[in-house]
Structure formats: C-alpha cells, structure tokens
Amino acid sequence: MPENQILDGGADQEERAVEAALRPKTLADFVGQHKVRQQLELVLHGAKGRGAAPDHILLAGPPGLGKTTLSMIIANELGMPIRITSGPAIQHAGDLAAILSSLSEGEVLFLDEIHRMSRPAEEMLYMAMEDYRVDVIVGKGPGATAIPLELPPFTLVGATTRSGLLPAPLRDRFGFTAHMEFYDPIDLEQVVHRSARLLDLDVDAEAAAEIASRSRGTPRIANRLLRRVRDFAEVKGDGRGTVEAARAALAVYEVDERGLDRLDRAVLGALLNLFGGGPVGLSTLAVAIGEETDTVEEVAEPFLVRQGLLARTPRGRIATAAAWRHLGLPMPRTAPGAGQDALFDGASD
Ligand SMILES: Nc1ncnc2c1ncn2[C@@H]1O[C@H](COP(=O)(O)OP(=O)(O)OP(=O)(O)O)[C@@H](O)[C@H]1O
Ligand SMILES: [Mg+2]
C-alpha cells in the first residue's frame, strides 16, 4: 500500500485476507452502530420466530465500516449458509441466473458492490427478489423463449458504498436498509481492544484511545493503525502497545492527532500558504501539490470536509478557521471564512 494511503478506507486483496481473522462473528460481538444493530436484531429474530427467510437487506455506507462483516453475521445469526458474489462479477444475466438457481432454501446471497451490476442482471434480480422466480432466456432473436424458473426463498444482502447510484426499483425491493455511520472514538477504542486481544498484543487504554482518535471513524483504519503500532512495538520497543509506541509509530506513518495524513496536510498547506485560504479551483490545488485531481477530490477532500477543515463553494475550495488553527497559522482577516469563525468553531473541534 502506498504510504499516503494508510488512511484510505478501502482495502486491497492482501489486507482483506488479514481482516478475515478480525471479523466479529455475532451481532453481540459487533461493536458500535447501535441503531443498525438494534434494527437488524428485530428483523432477524422476527424472521427466525416465524421460521421464514427475512426481508432482503441493503447495507449502505462508506468503505471499511463493516458491511461485509455484517453480511456474514446475518447468515450466522440465521444459521444459514452464505453465498458471496459481487456486482462486477456478474456481467451477464445468465451469471446471476446460475447463482440464483443453485441457492438452497433460506440461503443468504451476499451481493457486494451491488451498484456495479449490469442492467440486464439488475432486471432479473427485481423479479427474483419479489417473486422468487427468474425467466431464463433460451436461444437468440425471434426464436428465443423465456423459461420460467422457480427459486427457493432466499435472503439477498446487498452492500453498496454508493446507495445513490442504485435505481429506485432496486432500492424499493429491500425490506430494510441499514445506513452505516462513521464510528465514535469510544466505539473504535473497543474495536482496537478487541483486535489487540485477537492479535495477542498488549495494548493499554491510552494507546487504544490514541489509535481510535486518529482512525477517521473507520474500524478498518483502526485495525490497520493497530498493526503498524504492533510492528513498531516489536521492532523498536518491548513488544507492548504503550501510548509512547502508538504515538511514535503514528508519527513514522505521518498520521497526525486528528487523523490527517501527509496528503491531507499537503492539500490544506497549499490552500493556506499558497492561496491564502482560497477560494481556489480543484485542479489548481491538485497541480500545486503534484497530485491527480481525482486523488485530491476522492481521497483527501471528503475527510477534510467532514472534519470542517475545508469547504467546497461554487467559487472554489476554501479553508475554514479550524484549518488555520490545525496547521498553527494565524488566519488573515481577508481570508474567506474569517468572518464565519463563530460558525465553524464548535462544529469542528
Ligand atoms: N463493528 C465492528 N466491530 C469490530 N470490527 C469491525 C466492525 N466493523 C468492521 N470491523 C472490522 O473492520 C474491517 C473492515 O470491515 P468490512 O470488510 O466489513 O468493511 P466493509 O464495509 O465491507 O468495507 P468495503 O466497503 O471496503 O467492502 C474488518 O476487519 C472488520 O473486522
Ligand atoms: Mg466489504
């Protein structure tokens, strides 16, 4: 993983393998997301009581918040097997028909990145979700015939990082949508403690708090930073996850107290030092720090906006008063947002 991506919410193949070992297996073991957990508990226990498959479930939220984890927990809580596939893996409606027709009764079908499925497959899915039936088209052209195929009742669990991209007819066919939120630091501390136990690493409360507060509300990042702290403790320290080891390790990876990394600080630094706090266009800002516009827009900005450090305006990007404070620079009177100090205060700290 490139160094400036240590705080990216996504994960590569290698990391996903490491993650499997850290996944909670039951709802009770799933940290945080109290609302979603409570809602899911009702849906699952209700269905179990009736001895029927529950409604189809959509899990929506940013990367690394636990969608894949929850899908496995759902199958586990129902005591049913799970079949795992993803939108990009389903190129043709036939691919989907093959999967659907081989499901057993009550099985959970996990469709990751459901917003990336092809249109014909999507239309087949509508009918399968509603009527437990698909029409398999045999042949081509005028001679083609549709053979109806009955499916056993199953539960579809869809996951998406972009629920806005789902067509309404698909969204409407889910009986329940879980909106995953970023985690509070308190919950992330628990994630860190839990993972440390599984990794057989001794982490003290202060170190866990330190890691949690820099993890951008994302369990995947908390687990990743924890592994970097473990490396540091083993190589440079006495093997224990103390707060000193945590701070030193995170300094090596250039993750600051607020969870900003090198890229985030480069964006803010250029905005303040070169453009007086803005407004400045996205592409100018990207060129100034030698990055692609996509990287600035998709990797750095969402977090900076969420932190109340940067704002997107029709005239360009501007820094807030909190951004000047975070980089320890005096805010010029003429800077945009200078008059709004009170507005941005409280909201950002
Ligand atoms: N509530 C939680 N409690 C403990 N660990 C969690 C929790 N949520 C996520 N994790 C951990 O975070 C990591 C990432 O979770 P997961 O793979 O489920 O995220 P995701 O939402 O599916 O991400 P993506 O959108 O990239 O597929 C896993 O290692 C998982 O164990
Ligand atoms: Mg996932």
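What follows is a chat about this predicted model, from overall layout to single residues.

Me: Start me off. How many helices and strands are in the protein?
Reply: The protein has 15 helices and 9 strands.

Me: And what box do the C-alpha atoms fill?
Reply: Taken along the principal axes, the box is roughly 70 × 50 × 35 Å.

Me: Which domains is the protein divided into?
Reply: There's domain 1 (33–179), domain 2 (185–252) and domain 3 (262–344). The C-alpha centres of domain 1 and domain 3 are 41 Å apart.

Me: What percentage of the residues count as buried?
Reply: 38% of the 349 residues do. As for contacts with a separation of 6 or more, 68% of them come from residues 24 or more positions apart.

Me: OK, on to the ligand. How many residues surround ligand 1, and which are the closest?
Reply: Ligand 1 has 22 residues around it, and the closest are Glu-19, Gly-66, Lys-67, Thr-68 and Thr-69.

Me: Which domains does that shell draw at least three residues from?
Reply: Domain 1 and domain 2 each give at least three residues to the shell around ligand 1. Looking at helices, H3 (67–78) and H9 (219–235) each supply at least two residues of it.

Me: How do the shell residues divide into nonpolar, polar and charged?
Reply: The shell around ligand 1 has 9 nonpolar, 9 polar and 4 charged residues.

Me: You mentioned H9. At what angle do the axes of H9 and H10 cross?
Reply: H9 and H10 (residues 243–252) cross at roughly 105 degrees, and their axes come within 9 Å. That angle is why H9 counts as roughly perpendicular to H10. On the H9 side the contact is made by Leu-225, Arg-228, Val-229, Phe-232 and Ala-233, and on the H10 side by Ala-245, Ala-246, Ala-248, Ala-249, Leu-250 and Val-252. The residues of that contact are 10 nonpolar, no polar and 1 charged.

Me: Now helices H4 and H5. What's the angle there, and how far apart are the axes?
Reply: H4 (residues 93–101) and H5 (residues 119–131) pack at about 30 degrees, with their axes 8 Å apart. So H4 is roughly parallel to H5. H4 brings Ala-93, Asp-95, Leu-96, Ala-97 and Leu-100 to the contact, while H5 brings Pro-120, Ala-121, Met-124, Leu-125 and Ala-128.

Me: Changing topic: where is Ala-208?
Reply: Ala-208 sits in helix H8 (residues 205–213).

Me: Is Ala-208 buried or exposed, and why?
Reply: Ala-208 counts as buried because it has 26 C-beta neighbours inside 10 Å, and the cut-off for buried is 20 or more. Leaving out residues up to four places away in sequence, Ala-208 touches Glu-189, Val-192, His-193 and Val-203.

Me: How far is Ala-208 from Pro-88?
Reply: The C-alpha atoms of Ala-208 and Pro-88 are separated by 37 Å, and the two residues are 120 residues apart along the chain.

Me: What about phi of Glu-254?
Reply: Glu-254 is another residue other than glycine with a positive phi, near 60 degrees. Glu-254 lies in the loop between H10 and H11. Glu-254 counts as partly exposed because it has 16 C-beta neighbours inside 10 Å.

Me: Last one. Is the peptide bond from Gly-278 to Pro-279 cis or trans?
Reply: The bond from Gly-278 to Pro-279 is cis, with omega near 0 degrees. You'll find Pro-279 in the loop between helix H11 (262–273) and helix H12 (282–288).

Note on methods: Residues numbered from 1 in each chain as written. Chains lettered and ligands numbered in written order. Predicted model: local features only at pLDDT ≥ 70, side-chain atom pairs only at ≥ 80, totals over all residues. Axes fitted to C-alpha atoms, helices over the stretch in contact; angles between N-to-C directions. Helix = DSSP H or I, 4+ residues; strand = E, 2+ residues; numbered from the N terminus. Parallel < 35°, antiparallel > 145°, perpendicular 65-115°, else oblique. Contact = placed C-beta atoms within 7 Å. Near = placed C-beta within 6 Å. Nonpolar A, V, L, I, M, F, W, Y, C, P; charged D, E, K, R; others polar. Domains from an automatic or database assignment. Buried ≥ 20, exposed ≤ 12 C-beta atoms within 10 Å, placed from the backbone.
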